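Hi,

Here is the structure I said I would pass on. Have a look first, and my notes follow below.

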Amino acid sequence: MPNAKKKKAAKQEDFKKKKLKVGKGKAVPDNFTDTSFTSKSISLPNQSISEDKSQQVTTSRNLTLLDLLTKLKHYNAGVKKDALAGMQELLGQHQHLLVGSLSAIVNGIVKLFIDDDRDVRKALHKFLQETFVHVDSKDLAPFVPLLLVYTSSALTHIMEDIRMDGVKLLDLWLDLVPDVISTKYWQRLCDNFASLLAVKANTMQISSSAPNTSGMSANAIKTAAANTHLHIHKGKLDLLTSLGKFLEAGLFEDHQYRFWFMYDYLDDLHDKKAFRRKFQIDTTSIVIPWDVPANVTYAPANAMVYSYLPSLSPQPLASSGLQLFESSTGQDTKSTKGLGSGMTASNNQRQIASNSFSFQDRVAHVKGLIDTYQPLLMGHWLESAPVVFNTSRTITVTPALQMLHTVLRLTLILWRAMVSNGGIEHTTEQWLNGHLQQLLKHACIYFPYGMTAVGSGGPKVEALLQEMNIMTCELTSLWLLATKYQGQREMDELPTWADKIVDYVLGLLGYDAFNPDDKEMTSMSSEFRNENLVSLLPAIWGFLNCLDGDGREAMFSAIVGFYLKGHSHSPLTRTTLAFLVRVYLIQSLPSYNGRFVIDRGSTYADLMKNWLTSLPKRLWELKTVHLDTSRLILNILCDIAKRSDKDIFDLQTLQRTELSMIPFFYIHVASKGDLYGPFIQMPVELQKRALEFMHYINSDNAKAQVAIAKCKKHERVSQEVIDWIA
């Protein structure tokens, strides 16, 4: 029976009505035919390798610059990396494309500043380093705002590796356009560095009417620094190195000149420019003869013409970047004074809006920068010094040693600006000693650096330690100068640590206090290189202006003796000569405000007499090898001869100098006959200068007249010089 029921139910199944359920679709009938269809297309775009681009500049893979810029937007990191390599290849072979397509290139690469892939950022940095160095700063200046916006975004990124790559980018812009960055983006980058170092940005408001960041204690800064992600030594080192480069670009105007430190002792801007021009050699000047009878088609009536016709201006137009948001009222929003307490809040806001900080504005806030960074630098010194100067091991190039070098360099940059331009006289003795003297005392524990180390770490280590020694010497001179500017009472004697540093400088110059007349150079001075001397000169000049009595006399005797003992062709001797020439000439400028003064009849004047009488011998020994040095000697000889005995030199000294000049022209030796000096081989310009010196002395010396007459008859002397003699 069960089988019969199943058969009956199966027969009725075809006629059974299926119930519809909520949420269920209607069942498809058994005889339903699906008529839907899908289609796919095959895209065959033109491939660049087969496209005809013979009229365009392409890479080895037949890609144009536009193709490569398009690939920079690709999501794949490898494609972007290959595109950067292709751009580097293309622009390296066709540099004319760079300036013409700079706008498209900049807009294409800026988004890669914060790319997530490290290899892409590395390839970008390589591309910028090898390509943008060929771009003139004036061509790059209009794009600096866009570049700095994305660089600042990288500096404040949440990922540490992007922040560190942002620091590298900033270093690149500082190399290419330092003036634009320090003028237009000073506050923004100061805030970025403060953020990176975990210093609260609101404690370093550079634009405040009364800046005061001293409220931040050393413990607060150390705690903040410890909480940052930059706990790795290398990261801190890179960041502080970049900070030093940024501060140096913003706080120094004359750092490109070798003797920049002497300009700070001239109050008048005209004197500074005149003093600088006196030693500049213009080899590019072109003399255009003016035809008086000729008709002049156009001549500017007044200075306002240059505002309408800039091409007629004799001065090159400096690019100031895109000033899209500056005030159009014609009002000058730049401040000519520092942002001190005398400025109102509205003036500060106007300056921030104009986004421009002059040199005076920047140096006016060095004290705030010192209050912020000096405790942090002190902490790094105390952390790294015991590790580096452990007497049981050899000093090698490590991040700790480089950190000590960077700490001293950063400290030196800040205190150079503070003592020279930052108003050190308005600070207190307690503030000065708490910041600078405290660091120097800790540093002098290991000074001279590396003397007690076991073995030698190699030439690179020796160079770093020597630079650190020289920076410590200059910091000591700055501290002594600051005490003078503050009006502190005169010291009966230098502190022990400072006296040790002064003795070190004297030792570098080969000065022996027990035998100052020794003609031989000591072993310490013979290991001294020219670049070391150039770095040491600011400290020597500082000591000459801050030491008193025997200390100052020993320092000046040491530098003059160092010159007299040196070989004429030595770079050390020529650098020392250039320094002594400037020491002499700066004395006669009306705005000179230094404490070191060479008075007539003084011990310093006697040393200068020895220096003067040695110049003709130097001139003869140099011959025609170093014409710049010969020109310097002849120029200073003419300046001294023009002043006659009205200056620190008497007539007897001038006449001795004239006698020493005779072999430079001609001399008769019984065993060798007539011997002509280097005079006949000199350029015409220098021959005239030598004759001018003999004319200004005008002692009617018979030997001198005979020597000049002999040279006049020599075949190598031009008619122009013969007419000059007549």
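Arg121 is buried, at 4% relative accessibility (buried means under 20% relative accessible area, exposed over 50%, partly exposed in between, with a 1.4 Å probe and protein chains only). Before you read on: this is a predicted model, where local features need pLDDT of at least 70, side-chain atom pairs count only at pLDDT 80 or more, and totals for chains, interfaces and linings use all residues. Residues are numbered from 1 along each chain as its sequence is written, and side-chain values use heavy atoms, with hydrogens and water left out.

Back to Arg121: what does it form with Asp165? A salt bridge, with the closest N and O atoms 2.6 Å apart (that is, a side-chain nitrogen of Lys or Arg within 4 Å of a carboxyl oxygen of Asp or Glu). Arg121 sits in helix 6 (residues 118-131) and Asp165 in helix 9 (residues 160-176), so the pair ties together parts 44 residues apart in sequence. Helices here are DSSP runs (H or I, at least four residues), numbered from the N terminus. Asp165 is buried too, at 17%.

The structure holds 22 salt bridges. Another one joins Arg631 and Glu685 (3.5 Å, N to O). That pair links helix 28 (residues 627-643) with helix 30, 54 residues apart. Arg631 is buried at 15%, while Glu685 is partly exposed at 47%.

Last, Asn701 lies in the loop between helix 30 (684-697) and helix 31 (702-712). Asn701 touches Glu658, Leu659 and Ile662, leaving aside residues up to four places away in sequence (contact means heavy atoms within 4.5 Å).

Cheers

Terms used. Helices (H or I, at least four residues) and strands (E, at least two) are DSSP runs, numbered from the N terminus.
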